Amino acid sequence: MARILIIEDNAPNLNLMSYLLTASGHSVEGCRDGQSGLDAMRRQRPDIVLCDIQLPKLSGYQIAEAVRADASLHALPLVAVTALAMRGDRARGLAGGFDEYIEKPIEAETFVALVESFLPRSK
Amino acid sequence: MRALRDTAIKRKLTIISMLAIGVALLVACATFLTFEYRLFRATLVDDLVATAQVLGDNSSAALAFDVPASAELTLQSLKAKPHVIGAALYDKDGRVFVTYRGSELPGGLAFVPPPMAADDVGFGGGSLNVFDTITVGGERMGTIFIRSSLKEMRERMLLYALVTLVVMLVASSAAFLLVTKLHRVIVEPIAHLAHVAATVASNRDYSIRAKKRGADELGQLIDGFNEMLRQIQTSDGALQQARGDLEMRNLDLEQAMRAKNMFLANMSHELRTPLNAIIGFTSTLLMKLPGVLNSVQEEQLTVVKTSARHLLSLINDLLDLSKIESGKIDLVPESFSCQQVAQDTIASLRPMAELKKLDLLLRLPQKEVRVTADRRALHQILLNLCNNAIKFTDSGSVTIELKELPQQRQLEFSVTDTGIGIQPGYKARLFQAFSQMESTDREGTGLGLHLSRRLAQLMGGTIDFDSQLGRGSRFWLTLPQE
C-alpha cells in the first residue's frame, strides 16, 4: 500500500486523516509544521503528500514552492487539505503549486478513495 | 465686415479710427475745394464782365464815328490780361468791326469771333465767353465779345487739390500715429484680461488676479472677472478639502473592509478546522471503523453529525451573505447545461427525500438548455429552494421543472411542493434575513432565501413564489438567457 506523508498542525485533524488512511492499510507519517514536513519529504520519499496550507514555520505555499524547485520531488503528488474554503481559495491553491485541493471538512466516507485516486498510476 | 470680425482688436481699432478720420478729412477737403472753385469762377466772371463794359464804353466813340483804328487801339489794352484769347467789336448791325488776338492763342491760328449774340456770360469749349451790348445815352452802339482762357483757373484748382492731398496725407499720418499710441488704453487691458484668463484656464491656478487700470467699463469687466475668480477659488478650495476628506475616509473604509475580509477568511478557517474533526470522527464512528455501535449510539451520533453539518451550512451562509453585503463576491459566469445542474441538485437531495418518503420529480425539456451564469450560485439557489421544499413537506412530492421563456429571453426553474404552504401575512418578510417562520419547529438558518435572492439578483435574475396555506408552494427562479 502507499506511503503517505501528512503535514498538519492541528492534532485532531492529523489524527482523523491518519486514522482513516491507516484503517485502509496505508502507511502514514505525520508532521506538525512545514519545515519538518519538507525535511521528511526529502528523507522518506513518500508516494503522496497531504498538506495543510496554514502551517507554522513554512506555509503550505512555501512547501509547494520548494517542491516545485526541487527536481527530485517533481513527480511527487502534493495535495492541499485545508479549511481555506472561501470562493477563490481553490483556484489560488491550484495556481500556487498544489496538484489537488481538498476542502475541510473532509468527507470521511469518500476521503480514502479520493486520496488513492491521486496516487501515481505506477504504484 | 466679416473679415474685420476675426482680426485683433488692435488692428480693428486702427482700421475703424482711420476710416472715420479719412472720411472726415475727405468731406472737409471736398467741401473746401468746391467752395474755392465756385468763388474763383465768380471772381473770373465779374472781372471779365467789368473789363467788357469798360472796353465797350471806351470803344463807343470809335463805333459812332466808324474809326476802326481807334477801336483797335482800345482793344490792344487787353494785352495786360494774358489769359484773354481774343476779343471782337460788332457794329449795331452785327458785323464784325475789329478783332483782337491774344497771345494765348497758339501761333498761326487766327481768332475767329462767333456770330454776334445778345448779352451773355457762359462757359464753353474750355473758355469763358462774354457778350456785352454797348449803349450810349440809351442808344445801342454795338456789341463787345471777349473770350478768356480757363487755363489759370485749372492750374489754381490743381494746385489747391495738390495742397489738399498733402494736408490729407500729413493729417492722416499724424492721426495714425496718435491712434496707434492711444489705442493701448483700450487694447492693453483687454489683452491683459485675455492673457490672465488663458493662464488660469491652463494652470488651473485660481489665485491669479487681473490688474485694474481704470474705472471704465473695462475696469468693471476686470472687477467682475476677479470676483468670479475669487468665487471659483473659494469653491475650488472647499472642493479640494472635501475631496481630501473623502479620499481619507475612503482609505479608512478600504482598510476596514480589508480587515473585515481578513477576519471573515480567518473565521471561516478557524470554524472549519474543529468541525472537520467533529464531522470526521462522527463519520468514522458511524462507518463503524472502530467497532460496532448499538442503535442508540448510532442514532445519537447521527444527530451529532446532522447538527455539525447544519452548523457548517450556517457558517457558509453567513460568510457568503457577508461577502455579498460587502460587494466582495465574485461571480464567475460560465456556459453550462441547465439539465446537468438540475440533475446534480436532485442527486444530492435524494437521500433526504427518501428519508421523508417524498417523491422527487424532475421535469426537463428534451432539448438541452444552456445558460451563462455562475454555476455554483445557481446550484446553491436550487439546493436551497429544494431543501426548503423538502423541509416543509411531510407527504406528497417536490417537483423541479425547467422551462424556457423565449419571449422574455429568460429561462425559469421552479420548485413545487405539496407542503404546509406559507401564511399570507408572512409573505412580505420571506426573503428577509433571519426570518424563518417562528411557528415552525423545523431547522434552518433563515438566511437561505435571502441569500438565494441576492445571488439571483447578482446574476440578473429574480426569485418569487406563490403559495396556498396547507396545499403547497411554488418558488421560481428566472435567469436571463444569452
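This is a predicted model: local features need pLDDT of at least 70, side-chain atom pairs count only at pLDDT 80 or more; totals for chains, interfaces and linings use all residues.
First, the conventions. Residues are numbered from 1 along each chain as written, with chains lettered from A and ligands numbered from 1 in written order. Local features need pLDDT of at least 70, side-chain atom pairs count only at pLDDT 80 or more, totals for chains, interfaces and linings use all residues, and side-chain values use heavy atoms, without hydrogens or water.

Chain B has 10 helices and 12 strands, taken as DSSP runs numbered from the N terminus (helices H or I, at least four residues; strands E, at least two). Of its 482 residues, 37% are buried, where buried means under 20% relative accessible area, exposed over 50% and partly exposed in between, with a 1.4 Å probe and protein chains only. Chain B exposes about 28,000 Å², 60% of it from carbon and sulfur atoms; areas are by the Shrake-Rupley method with a 1.4 Å probe, and for residues only the protein chains shown count as cover.

On that surface, L178(B), L182(B), V185(B) and I186(B) form a nonpolar patch with about 390 Å² of accessible area together. Patch residues have over 30% relative accessible area and no salt bridge; nonpolar side chains (Val, Leu, Ile, Met, Phe, Trp, Tyr) are joined within 5 Å, like charges within 9 Å. A salt bridge is a Lys or Arg side-chain nitrogen within 4 Å of an Asp or Glu carboxyl oxygen. Helices α4 (151–182) and α5 (184–203) of chain B each supply at least two of the patch residues. L182(B), in α4, counts as exposed because its relative accessibility is 53%.

Now chain A. G97(A) sits in the loop between α4 (89–95) and β5 (100–103), and is buried at 17%. Beyond neighbours within four places in sequence, G97(A) contacts A64(A), R68(A) and L78(A), contact being heavy atoms within 4.5 Å. G97(A) and R68(A) are 29 residues apart in sequence, with their C-alpha atoms 7.1 Å apart.
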